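This report describes one structure, starting from the packing of a helix and moving on to the sheet and the ring contacts. The sequence and structure are shown first.

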Amino acid sequence: LAEDLRGNSGPVLFDVRTAAEFEVSHLSGARRIEPDSTAAVIALPKDQAIVTYCSVGYRSAKFAHALLAAGYTHVANLEGSIFRWANEDRPLVHDGRATEVVHPYNEVWGTLLDKSHRALTNRTTR
C-alpha cells in the first residue's frame, strides 16, 4: 500500500473510524466514513481500487464486506490497519502535516499501539 500511495493512481482510502479518531491522525488522502456506513454512502466506479482501514481492522473489514456485497470488485482491508501502519513508522498526517501519533481507540485496544504512537488521553477524549 505504501508504494501504491506514492503513485498518482493509487487506491481510494476509506478511514472507517470516528471523527475524533480521524482528527488525531490518518493516512494521507484518506476519506473518513462513519463506522456503521453502508456502501450507498460512496459513489465510485465498481472497479475502483479501494482500501479500507480503522484502528485494528474490525470496523474496516465490515465496510469492505459491504462494498464487496454491493458489487465493488477491487476492495482490500489494510491488514493491521492504522495501528500496524503507525507501529511500522509509516507516514501519518494531522491537519496536512506529518505526525506520529494515533488515537488509541480505547485503553484496551490502545495497548496494541506502540506507546510512542499513542495520542495523549486528554487530546483524544471529547
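## Packing of helix α3

In this predicted model, the buried residues of α3 pack against β1, α2 (19-24), β3, β4 and α4 (81-87). The buried positions in α3 are Arg-59, Ser-60, Phe-63, Ala-64 and Leu-67. Around the helix axis they cover an arc of only 135 degrees, which puts them on the same side of α3. An α-helix has 3.6 residues a turn, so residues three or four places apart point the same way.

The face of α3 turned away from this buried side carries exposed residues: Tyr-58, Lys-62, His-65 and Ala-69.

## Length and end of the helix

Helix α3 has twelve residues. From its first C-alpha to its last it reaches 17 Å, close to the 16 Å expected at 1.5 Å a residue. Gly-71 follows α3 and has a positive phi, near 100 degrees.

## The sheet

Four strands form an open sheet in the order β2-β1-β3-β4, with parallel pairing. The edges are taken by β2 (31-32) and β4 (74-77); each has a single partner strand, so one side of each is left without a neighbour in the sheet.

Strand β3 (residues 49-53) pairs with β4 in the parallel sense over four bridges. In one of the residue pairings between them, Val-51 has Ala-76 of β4 as its bridge partner. Both β3 and β4 are also among the elements against which the buried residues of α3 pack.

A search of the whole structure finds one aromatic pair. Its members are Phe-14 and Phe-63, arranged edge-to-face, with 5.9 Å centre to centre and 80 degrees between the planes. Phe-14 lies in strand β1 (residues 12-15) and Phe-63 in helix α3 (residues 58-69), so the pair ties together parts that are 49 residues apart in sequence.

## A charge over a ring

A further ring contact involves an arginine and a tryptophan. Arg-90 lies over the face of Trp-85, at 5.5 Å from the ring centre.

Key. Residues numbered from 1 in each chain as written. Predicted model: local features only at pLDDT ≥ 70, side-chain atom pairs only at ≥ 80, totals over all residues. Heavy atoms only, no water. Phe/Tyr/Trp six-rings, centres within 6.5 Å; stacked < 30°, edge-to-face > 60°. Helix = DSSP H or I, 4+ residues; strand = E, 2+ residues; numbered from the N terminus. Lys NZ or Arg CZ within 6 Å of the ring centre and 35° of its normal. Pairing = 2+ DSSP bridges. Expected span 1.5 Å × (residues − 1). Buried < 20%, exposed > 50% of the residue type's maximum accessible area, 1.4 Å probe, protein only. Arc of directions from axis to C-beta. Contact = heavy atoms within 4.5 Å.
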